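The following note is meant for a colleague who is opening this structure for the first time. Please read the numbered points with the model in view.

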Amino acid sequence: MSLKDGTELAILEGVDAGTISISDFVSTAPRPLIIGHRGASGLRPEHTLAAYELAIDQGADYIEPDIVATKDGVLVARHENEISGTTDVADRLEFADRQTTKTIDGVEVTGWFTEDFTLAELKTLRAKERLPELRSTEYDGLYEVPTLQEIIDLAQRKSAEVGRTIGLYPETKHPTYFDSIGLSLEEPLVEILDANGYSDRDDPVFIQSFETANLKQLDELTNVPLIQLLGDSGQPYDFTVSGDPRTYLDLTTPDELTNIATYAVGIGPSKRLIVPVDEEGRLQPPTSLIDDAHAAGLLVHAYTFRNEDFFLAPDYQGNPELEYEQFFSLGLDGLFTDFPGTGFEVANRLYPLTAADPLLGVGLLSTDTSVA
């Protein structure tokens, strides 16, 4: 076997050359989606235009804003509606009296909340690193809290600039809570997406939620694809409110996956629902979740992949690429990563011949799911 210039790579003895295909060495299936989790949040403060732009520049196919509402009903991107961990609000004396305690999804939380600020007030704040013990703080104080519209504008501008379509992957945060205070997320989200040309099943957008009821509502409001997020513990908060005893783990059974397929095109499970770990954090044999979801006609986009050794199972020996390789080998259709450059590099190495196909997914790369 040799390169086009004649450089010999290997001699294969006893093998009929006519039986060899490139697919024996690399996958010819569509490449898995690389989703910039809150942007390139391992390298810039999360949910900032700088983080989203860097994710795109590093190869992300989609960028993921978590959506919450302001006092005046504008949708902005923050991981939580409590913002003291991701902005400088606690240092702003003019907002000291806004600190309060609320119950969010059954949990008492003290801090400052987006729904108590107008957009103009939020725009005076500056983002900061959420994990300063692990990540650089050199970009603290530089970036505003972006609106969803500003993120859409960035995605569309960068799509034209880089010559490929950049998709959006908004998550509705605490939808039951926001409904309870008269700041429903679903209607304004659909309105903004419609106004920007995102209204059909094949448009470059997924909407995700950890709750089920608001996804079913969204299924009535829009034709864009929906993703049911699945935590590795607990239950959807709308189940808690309604008294439904089912947990996220219950929703991973074949029957429940078939039910999810009636309103969503895929699931977004914690990666620990796919490859569990023991009490020491060591990898256990993979579950059948990806295969079961595919059998139900669902895509599987897992979260969250991070490069720092703090987040890696010891089996990977500090090499995050091994984690990507293992999950891609299981047939994962896409993943959320704080370091999209790493995910893109590994995906392109394993799937060098094809681009991502958001709605088609991938299929199995191989049957070997072990970590070397």
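1. A charge is said to sit over a ring if NZ of Lys or CZ of Arg is within 6 Å of the ring centre and within 35 degrees of the ring normal. Lys271 meets this rule over the face of Phe305, at 4.9 Å from the ring centre. The charged end of Arg44 is likewise placed over the ring of Tyr139, 4.1 Å from its centre.

2. On the basis of the note: the model is predicted, so local features need pLDDT of at least 70 and side-chain atom pairs count only at pLDDT 80 or more, while totals for chains, interfaces and linings use all residues. Residues are numbered from 1 along each chain as its sequence is written, and side-chain values use heavy atoms, with hydrogens and water left out.

3. The chain has eleven helices and 13 strands; these are DSSP runs numbered from the N terminus, helices being H or I of at least four residues and strands E of at least two. Of its 372 residues, 50% are buried, where buried means under 20% relative accessible area, exposed over 50% and partly exposed in between (1.4 Å probe, protein chains only).

4. Contact here means heavy atoms within 4.5 Å. Among contacts between residues at least 6 apart in sequence, 68% join residues at least 24 apart.

5. Rings of Phe, Tyr and Trp (its six-membered ring) pair if their centres lie within 6.5 Å; planes under 30 degrees apart count as stacked, over 60 as edge-to-face and the rest as tilted. The count by this rule is 13 aromatic pairs. One of them, Tyr62 with Tyr169, is edge-to-face, at 6.1 Å centre to centre and 70° between the planes. Tyr62 belongs to strand β2 (residues 62-64) and Tyr169 to the loop between β7 (167-168) and β8 (171-172), so this pair ties together parts 107 residues apart in sequence. Tyr62 is buried at 4% relative accessible area, and Tyr169 is buried at 0%.

6. A cluster linked by ring pairs comprises Phe305, Tyr324, Phe327, Phe328 and Tyr351.

7. A nonpolar core is a set of buried Ala, Val, Leu, Ile, Met, Phe, Trp, Tyr and Cys residues joined through side-chain atoms within 4.5 Å. The largest one has 81 residues, and Ile63, Ile267, Ile274, Phe328 and Leu332 have the most contacts inside it. Helix α3 (residues 148-162) gives the most to this core, with five residues. Apart from this core lies another, of eleven residues, including Ile35, Tyr169, Val265 and Phe336. Leu332 touches, among others beyond four places away in sequence, Ile274, Phe305 and Phe327.

8. Where is His174 found? His174 is in the loop between β8 and α4 (175-180). It counts as buried, at 13% relative accessibility. Not counting residues up to four places away in sequence, His174 touches Glu80, Asn81, Ile104, Asp105 and Glu211.

9. Strands β5 (residues 100-104) and β6 (residues 107-111) run antiparallel and are joined by five bridges; two strands pair if DSSP finds at least two bridges between them. Lys102 has Val109 in β6 as its bridge partner. In this hairpin, with two residues between the strands, Asp105 takes a positive phi near 50°.

10. Asp140 is placed in the loop between α2 (119-122) and α3. Asp140 is partly exposed, with a relative accessible area of 29%. Asp140 and Arg44 are 96 residues apart in sequence, and their C-alpha atoms are 8.7 Å apart in space.
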